[in-house]
Amino acid sequence: MEKIIIMGLAESGKTTIVKVSAEGYVPQKQAPYSATIDYKRKTYTMFGTKISLFDLGGQKSFLDRFTGDLAEFIFSKVAVMIYVFDVINMPKISLAKYYYDLGLQTLKKYSPEAKVHILFHKVDLIEKGKTEEFVKNIKEFLELDDTYPIHETSVYDKSIFTAMENIIDTSAQGPESFETIFQKFEMQNKEFIDQMVLIDGRGKAIISTQDDIFDLKEKLLQAHQTIEASFSVNESLKYSIQQFQSKLVFTSILNNYFILMLRYSFNLPEELNESYIKLLNQSIRLVQDLNKFIK
Ligand SMILES: Nc1nc2c(ncn2[C@@H]2O[C@H](COP(=O)(O)OP(=O)(O)OP(=O)(O)O)[C@@H](O)[C@H]2O)c(=O)[nH]1
Ligand SMILES: [Mg+2]
């Protein structure tokens with residue numbers, strides 16, 4: 001079960017978001033606000049995934065405790081942190097940023113792998129036609145770049161469902177397929193990779209970034225034979241680096257006899273430079289990620 005924490009200042013809308021998106025509650029404009037005391041922890045099945053949701057009370061004294069005495073309890077084993085900014089509460093935007101930074105810092109300490117999603121919430125209250133400008137200004141003020149996804153949401157339309165579905169799908173379930181693992185790798189290393197091929201134990205290509213994998217086949221067979229003798233970082237991870245048509249080819253045998261082949265976009269550098277080492281490390285990391293998934 002994935003642990004999700006939802007954090008933000010008091011009255012930013014967290015409990016309403018939980019009620020509407022997870023409990024099917026219909027939002028009422030006149031409903032009185034009732035503060036969450038401490039935190040509320042509940043289990044839900046959302047979009048087919050079982051989650052344990054921690055709705056953290058947003059009053060300052062609570063936030064200080066969550067990031068202080070209770071930090072380990074609240075921030076350990078977190079899969080996703082959702083941070084809610086109330087976009088029309090400008091007087092408190094600095095305070096909201098303060099606790100966002102503190103929350104992020106605490107999260108990095110106890111759950112370094114956790115995903116982070118940001119909600120710019122209550123966008124229904126922004127004057128019509130001004131949303132884009134408004135959002136841009138807040139983003140600048142908060143010094144947010146594109147590291148974490150930002151969702152513009154309101155409980156009065158479907159935006160909150162779209163955002164929550166995206167958050168649960170992309171974060172809570174982890175990588176869903178080989179494709180998502182590859183996409184991440186490709187995004188990080190685009191300029192250094194010419195071709196990526198993953199072949200299953202029976203020799204069928206599962207992933208190939210080019211239609212034609214024929215020219216690699218010969219290399220593949222050869223790699224099979226030489227890989228035993230090639231450099232390995234540990235018992236369970238073997239890979240080889242070879243030159244092929246004046247490019248480097250990284251090959252590794254994975255679990256269940258899957259084979260990964262990456263054709264780099266360059267030949268062996270004269271000296272081992274930083275970007276080559278980085279790419280090699282990322283390639284090894286890709287093998288490890290894929291192996292977790294094949295098991
Ligand atoms: N206009 C508008 N109001 C909203 C929206 N979401 C929540 N609200 C209102 O915001 C107020 C605060 O909502 P809560 O969900 O209780 O706030 P909270 O973040 O849980 O507050 P704490 O429990 O004190 O941390 C309520 O009056 C909600 O009706 C929204 O999308 N648009
Ligand atoms: Mg609440």
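When I say contact today, I mean heavy atoms within 4.5 Å. Hi everyone, and please keep in mind that this is a predicted model.

Let's begin with two helices. Residues 178-189 form α7 and residues 274-294 form α9; their axes come within 10 Å and cross at roughly 170°. That angle is over 145°, the cut-off for roughly antiparallel, so α7 is roughly antiparallel to α9.

Who touches whom? From α7 we have Phe178, Ile181, Phe182, Lys184, Phe185, Gln188 and Asn189, and they meet Leu279, Gln282, Ser283, Leu286, Asp289, Leu290, Phe293 and Ile294 of α9. Sorted by class, that contact between α7 and α9 has nine nonpolar residues, four polar and two charged.

Now over to ligand 1, which has 20 residues around it. Lys14, Thr16, Tyr33, Gly58 and Asp124 are the closest. Taken alone, ligand 1 would expose 660 Å², and the protein buries 91% of that.

Terms used
Residues are numbered from 1 along each chain as its sequence is written. Chains are lettered from A and ligands numbered from 1 in the order in which they are written. This is a predicted model: local features need pLDDT of at least 70, side-chain atom pairs count only at pLDDT 80 or more; totals for chains, interfaces and linings use all residues. Side-chain values use heavy atoms; hydrogens and water are left out. Axes are lines fitted to C-alpha atoms, for helices over the stretch in contact, and angles run from 0 to 180 degrees between N-to-C directions. Helices (H or I, at least four residues) and strands (E, at least two) are DSSP runs, numbered from the N terminus. Angles under 35 degrees count as roughly parallel, over 145 as roughly antiparallel, 65 to 115 as roughly perpendicular and the rest as oblique. Ala, Val, Leu, Ile, Met, Phe, Trp, Tyr, Cys and Pro count as nonpolar, Asp, Glu, Lys and Arg as charged, and the others, Gly among them, as polar. A residue is near a molecule or strand if one of its heavy atoms lies within 4 Å of it. Accessible areas come from the Shrake-Rupley method with a 1.4 Å probe; for residues, only the protein chains shown count as cover.
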